[in-house]
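Morning, everyone. Please have a look first.

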Amino acid sequence: MEKHYYQKEIETMPVEDIKKLQSEKLVKQVRHVYDNVPYYRNLMDEKGVKPEDIHGIEDLHKLPFLTKADLRDAYPYGLLAKPLSECVRIHSTSGTTGRRVVAFYTQNDVDLWEDCCARAIVAAGCGKEDVCQVAYGYGLFTGGAGLHGGSHKVGSLTLPMSSGNTERQIQFMMDLNATLLCCTPSYAAYISESLKEQGYKPEDIPLKAGIFGAEPWTEEMRHQIEETLGIKAYDIYGLTETSGPGVSFECEEQTGMHINEDHFLAEIIDPDTGEVLPEGEKGELVFTALDKEAFPLLRYRTRDICVLSRKKCSCGRTFIKMAKPMGRTDDMLIIRGVNVFPSQIETVLLNEGYQPNYQIIVDRVNNNDTFEINVEMNPEQFTDKVSEILAMEKSLANAMKTMLGINPAIHLVAPKSITRSEGKAVRVVDKRKLI
Ligand code: DLL
């Protein structure tokens, strides 16, 4: 089968050439930041590093990290490296606590970001003949604008739906023969559930691919969405601070996401010590944006826990791959001293035949953590016999105990009683007020 790329020469560049390119860009970018961002210049001065000390990517470790706390401190303009008159766009995080992060873009920043999203669309097997339904939120969130821009670059017919109004999403999808769906995996699951309820079979649905990201999702959830919609579902990753979606994207191998290494330099560090870890080890993902002009973060700690791998990929792309993020250093729950990730809970649910419709509720009563999971029953599991429900709850609690090492209280609830998400799903309610 012929392979398709959006920018073949870059995407299949020999690794040595990528590293050389990254080194050249890094030297320039450090100079740009030092000269234009007093906040980061101070961090470098405190660490005793000057731009002259950075000769290439081998010197990256000398640079100070930048954290979300720095972004909050510097809000709103403190990390801006270009005059506002040269900026054409702002996006912002969906964060619910504290100050939001605002990111600025020059026209060149927007262009390169859209190229990254275009690479993802082509890697998902789509092109000019496709109809791309963008059901990520439009607005300050980067999902809508990013995939929209990428779809234009590829020349697909773009359906700028934004998220929500599921009836209308389905109507447009069916009437206008959408072949590519872009939205969060939880919204994709919701749309597929609604299609199924309306009696559509996978073969009735025009879609052939989906590009889903912005939140963690498991392989099990991927299989379920793929089966219900009759598509191939591709993961896409990114964050507002690094432009948005498209920092990395999946190819047909579906074994991790290729990082757009001509624009982003990735490292994995030990989140406790800051030490750089070798390829293949699990740790916190750190990005240096090599081309961003207006908001050029160096060594930005994402808080996402991940693994990198440079194993040869059958798609021909040479960019390093990142595994699906396993969670965030800040959404890992510590319950009764045990580390718990929502993704582990989701894996158990799907293995045990439940849908990924659940909510985790953690509280602290008399200095003890309480740990409850509300889980929706499938319509076919639904029963009003208390003994049957209790038996199902017990069996699910046992499966959770095996995976997590601690025992949650499981509450099976009626089908459709947990609020569906049109954007990022809210999986955890932590009432302990630990911070
Ligand atoms: O979520 C950008 C995006 C939009 C990515 C659309 C993909 C698709 P933020 O709202 O700033 O930006 O959230 C960034 O979301 O640090 C991860 O924790 C998480 N995240 C993003 N993509 C994935 C993914 C957008 N594919 C934060 N898998 C990141 C797991 C993801 N987590």
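What share of the contacts in the chain with a separation of 6 or more comes from residues 24 or more positions apart? The figure is 66%. Contact here means heavy atoms within 4.5 Å.

Some ground rules. This is a predicted model, where local features need pLDDT of at least 70 and side-chain atom pairs count only at pLDDT 80 or more, while totals for chains, interfaces and linings use all residues. Residues are numbered from 1 along each chain as its sequence is written, and side-chain values use heavy atoms, with hydrogens and water left out.

Now the fold. The chain has eleven helices and 20 strands. Those are DSSP runs, numbered from the N terminus: helices are H or I with at least four residues, strands are E with at least two. The radius of gyration is 22 Å, close to the 22 Å from the globule rule for 435 residues, so the chain is as compact as a globular protein of that length. That radius is taken over C-alpha atoms, and the rule is 2.2 Å times the number of residues to the power 0.38. The C-alpha trace spans about 75 × 60 × 40 Å along its principal axes.

Burial next. Of the 435 residues, 54% are buried. Buried means under 20% relative accessible area, exposed over 50%, partly exposed in between, with a 1.4 Å probe and protein chains only. The chain exposes about 19,200 Å², and carbon and sulfur atoms supply 51% of that. Areas come from the Shrake-Rupley method with a 1.4 Å probe; for residues, only the protein chains shown count as cover.

One surface example. Lys28 sits in helix α2, residues 15-36. Lys28 is exposed, at 65% relative accessible area. Lys28 and Ile54 are 26 residues apart in sequence, and 9.5 Å apart in space, C-alpha to C-alpha.

On to the ligand. There are 22 residues around it, and Asp235, Ile236, Thr240, Asp304 and Lys424 come nearest. A residue is near if one of its heavy atoms lies within 4 Å. By class, the shell has nine nonpolar, seven polar and six charged residues. Nonpolar is Ala, Val, Leu, Ile, Met, Phe, Trp, Tyr, Cys and Pro; charged is Asp, Glu, Lys and Arg; the others, Gly among them, are polar.

Which atoms pair up? A ligand oxygen is 2.5 Å from a side-chain N or O atom of Thr240. A ligand oxygen is also 2.9 Å from a side-chain N or O atom of Lys424. Taken alone, the ligand exposes 610 Å², and the protein buries 95% of that.

How values were computed: A polar contact is a pair of N or O atoms within 3.5 Å; within protein, one must be able to donate a hydrogen and the other to accept it, and residues adjacent in sequence count only if both atoms are side-chain atoms.
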